[in-house]
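Hello,

Here is the structure I promised to pass on. My notes on its rings and its sheet follow below.

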Amino acid sequence: MGRGTLALVALFVATVPTSALAAGGNEAEAEAPQAQGGRQDRNLTAETKIQTTVNGAPKSAKTGTLTPANSNWDPPACWYEPAYSPKQIQAIIKAIRQVGMLGVGELVGGLFDSYFKEGHPYKNYNLDKQGEGQFWAATINKKRKDDPEANSCKRMPFWVKNGETPKEPLAVTPKILAEYAYDELPVPSTDIALAPDGATKVNLPTWAWLDKAKFKKVSVTASIPGSGLSATTTAEPVSLSIDPGTEDAETYPASGECPIEAGKIGVPRAKGTPAHTEPPCGVKYLRSSGDGSYNLRATVTWKITWTSTTGAGGDLPAGQFGADQQVEVEEVQSINR
C-alpha cells in the first residue's frame with residue numbers, strides 16, 4: 001500500500017468502533033486470549049496480550065515506577081507479537097466492510113483484502129494454515145504511546161509459523177518482555193525517616209533511614225499466553241542518595257550515597273545518642289531555612305536483572321525512584337548569662 005492509501009486506512013480505522021475491530025468478532029473460533037484491534041498506527045495493530053504477575057511488592061506501601069538511571073535508555077515503546085489467527089483476520093476485514101461512511105468501508109476492506117486475501121502477499125487470509133501459526137501485529141506500549149519510538153512499528157501484520165522466530169528486529173523476545181516488565185515494577189515510595197523528628201538544628205547531624213521491611217527485592221514476570229515466551233525482571237535496592245536541597249549542607253557519607261547493609265538503608269537514631277554523633281546515613285545543615293524549609297530529595301537506586309524461560313538473561317539499566325520532603329532547619333538557641 002502507498003502512503004496515501006495508508007493515510008486513508010489510518011483515518012478510517014480510527015473511526016471504526018473497537019467492537020468492530022475485536023479480533024474474531026462473532027465469526028472467529030473461540031481462541032484465548034483474543035487480540036483487540038488497535039487504532040494507533042496506519043494499519044491493523046493490536047493491543048498487547050502480555051500478562052504480568054508481581055512478586056515481593058509491599059501490599060500496603062505507596063508505590064511508583066522506576067526511571068532508568070541511564071537517560072539514553074527506555075523500555076520499548078512498540079514491538080510485534082502474535083496477534084491474529086487467519087479466521088480472526090478474515091472476521092476483522094468483514095467487520096470493516098460492514099461499516100458505512102459512504103462506501104469507505106468497502107474501499108478500505110478491499111485494500112486489506114489485497115494484502116491478506118488476493119496474494120499480495122497472502123492468499124485467502126491463510127485460512128488453509130489455521131492452527132499452524134499467527135499473524136504478528138504491531139503493539140504499542142500504552143505507557144510510552146507519546147514517545148517518538150512508538151511510531152517505529154509500521155509493518156502490516158505478517159505471518160509467522162508456530163515455533164518460528166521472525167526475522168524482525170522489533171519482534172517480541174524474552175528480552176523485550178523483560179524490558180516491558182521493567183515498566184511494571186512497583187517499587188515503594190522513598191519517604192525517609194529523620195531524627196530528630198520535626199525541625200532540625202543548624203550544625204547538628206540529622207539521621208536518615210528507610211524501613212527495611214519495605215525495601216526488598218520485587219519482581220515482575222511478563223508472558224504471552226500460549227507462546228512459550230516469558231521473562232522475569234527483578235529489582236533489588238542497592239543505595240539511597242540524599243540531596244539536601246541546599247549547598248549549605250553536608251551529607252553522611254560525604255558522597256551522599258548511603259549503601260544498603262544487611263538489608264538496611266541507614267539506621268534509626270537510638271534514644272540517648274549524643275546530639276553531635278555522626279550517623280551512617282544523614283545530613284547536617286549549615287544554615288537555617290529561615291521562615292521556609294529545604295526540599296530534601298531521597299532517591300533509591302535499584303539494580304535490575306532478568307531471567308527467562310529460554311535461559312537468556314542479564315542486567316538492565318539501573319532504575320531510580322525518589323521522593324521529596326520538606327525539612328525545617330532552625331538556629332540553635334543559646335542562653336547568655
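There are ten aromatic pairs in the structure. Rings of Phe, Tyr and Trp (its six-membered ring) count as a pair if their centres lie within 6.5 Å; planes under 30 degrees apart are stacked, over 60 edge-to-face, and the rest tilted. Take tyrosine 115 and phenylalanine 116: their ring centres are 4.7 Å apart and the planes stand at 80°, so this pair is edge-to-face. Both tyrosine 115 and phenylalanine 116 are buried (under 20% relative accessible area; exposed is over 50%, partly exposed in between; 1.4 Å probe, protein chains only). Ring pairs also join Tyr115, Phe116, Tyr122, Phe135 and Trp159 into a cluster.

A note on provenance. This is a predicted model: local features need pLDDT of at least 70, side-chain atom pairs count only at pLDDT 80 or more, and totals for chains, interfaces and linings use all residues. Residues are numbered from 1 along each chain as its sequence is written, and side-chain values use heavy atoms, with hydrogens and water left out.

The charged end of arginine 155 sits over the ring of phenylalanine 158, 3.9 Å from the ring centre. The test is NZ of Lys or CZ of Arg within 6 Å of the ring centre and within 35 degrees of the ring normal.

Now the sheet. Three strands form an open sheet in the order β4-β5-β6, with antiparallel pairing. β4 and β6 are at the edges with a single partner strand each, so one side of each has no neighbour in the sheet. From one strand to the next, the twist averages 45°. Helices (H or I, at least four residues) and strands (E, at least two) are DSSP runs, numbered from the N terminus. Two strands pair if DSSP finds at least two bridges between them.

Strand β4 (residues 78-84) pairs with β5 over six bridges. Tyrosine 80 has alanine 138 in β5 as its bridge partner, and glutamate 81 has alanine 137. Helix α3 (residues 86-97) packs on the sheet and touches β4, β5 and β6 (contact: heavy atoms within 4.5 Å). The direction of α3 makes about 95° with that of β4. Axes are lines fitted to C-alpha atoms, for helices over the stretch in contact; angles run from 0 to 180 degrees between N-to-C directions.

Best regards
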